Amino acid sequence: MSSERREYQRFAVNWRGRVAYQGEVYDVGIWDVSKGGIGVVFPFLVSHGIPMSVEFYVKYSGKMCRIRAKTRVVFNTILADNGGAKLGLQFTAVSQDELHTLGNVLQTMSEEDS
């Protein structure tokens, strides 16, 4: 049994997003999401604690809604075959409206899993 404790339930997804890091913008794959952060596949490894800005879209109430957030790296691992790295990004700043929208999307996903 894992001793890992999470504040929020995570959901596996296959979404696309963008990450701003050191003045560059990178297209990324998002592999999981929670109300506290996201997991992304990034072109290279980034150290713990590094701030990054993210942007992605979620479908809510029949339309695509943008979620933008400030984050920091809390997890990193190198992928095999020079495939980049998986990064866990914890939200540090998200607007209340966008966090509310994301929460509603995650609630819907939770109900669909039941």
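This is a predicted model: local features need pLDDT of at least 70, side-chain atom pairs count only at pLDDT 80 or more; totals for chains, interfaces and linings use all residues.
I take two strands to pair if DSSP finds at least two bridges between them, and I take helices (H or I, at least four residues) and strands (E, at least two) as DSSP runs, numbered from the N terminus.

I number residues from 1 along each chain as its sequence is written, and side-chain values use heavy atoms, with hydrogens and water left out.

Entry on the chain. I find one helix and six strands, in the order β-β-β-β-β-β-α from the N terminus on. The radius of gyration, taken over C-alpha atoms, is compared with a globule rule of 2.2 Å times the number of residues to the power 0.38; for 114 residues a compact globule would have a value near 13 Å, and the 14 Å of the chain agrees with this. I also looked up burial, where buried means under 20% relative accessible area, exposed over 50%, and partly exposed in between (1.4 Å probe, protein chains only); by that rule 39% of the 114 residues are buried.

Entry on strand S3. I asked how many of the six residues of S3 (residues 37–42) are buried. Five of them are, and the strand is thus recorded as mostly covered. Five bridges join S3 to S2 (residues 24–34), and these two strands run antiparallel; within this pairing, Gly-29 stands opposite Val-41. S3 is also joined to S6 (residues 85–94) by six bridges, again antiparallel, and there Phe-42 has Ala-85 as its bridge partner.

Entry on the core. I define a nonpolar core as a set of buried Ala, Val, Leu, Ile, Met, Phe, Trp, Tyr and Cys residues joined through side-chain atoms within 4.5 Å. The largest one holds 29 residues, of which Ile-38, Met-52, Phe-56, Leu-87 and Leu-89 touch the most other members. At least two residues of this core come from each of S1 (11–21), S2, S3, S4 (51–60), S5 (63–78), S6 and helix H1 (96–113).

Entry on Ile-38. Which residues does Ile-38 touch, not counting residues up to four places away in sequence? With contact meaning heavy atoms within 4.5 Å, I list Ile-30, Asp-32, Val-33, Val-54, Phe-56, Leu-87, Gly-88, Leu-89 and Phe-91.
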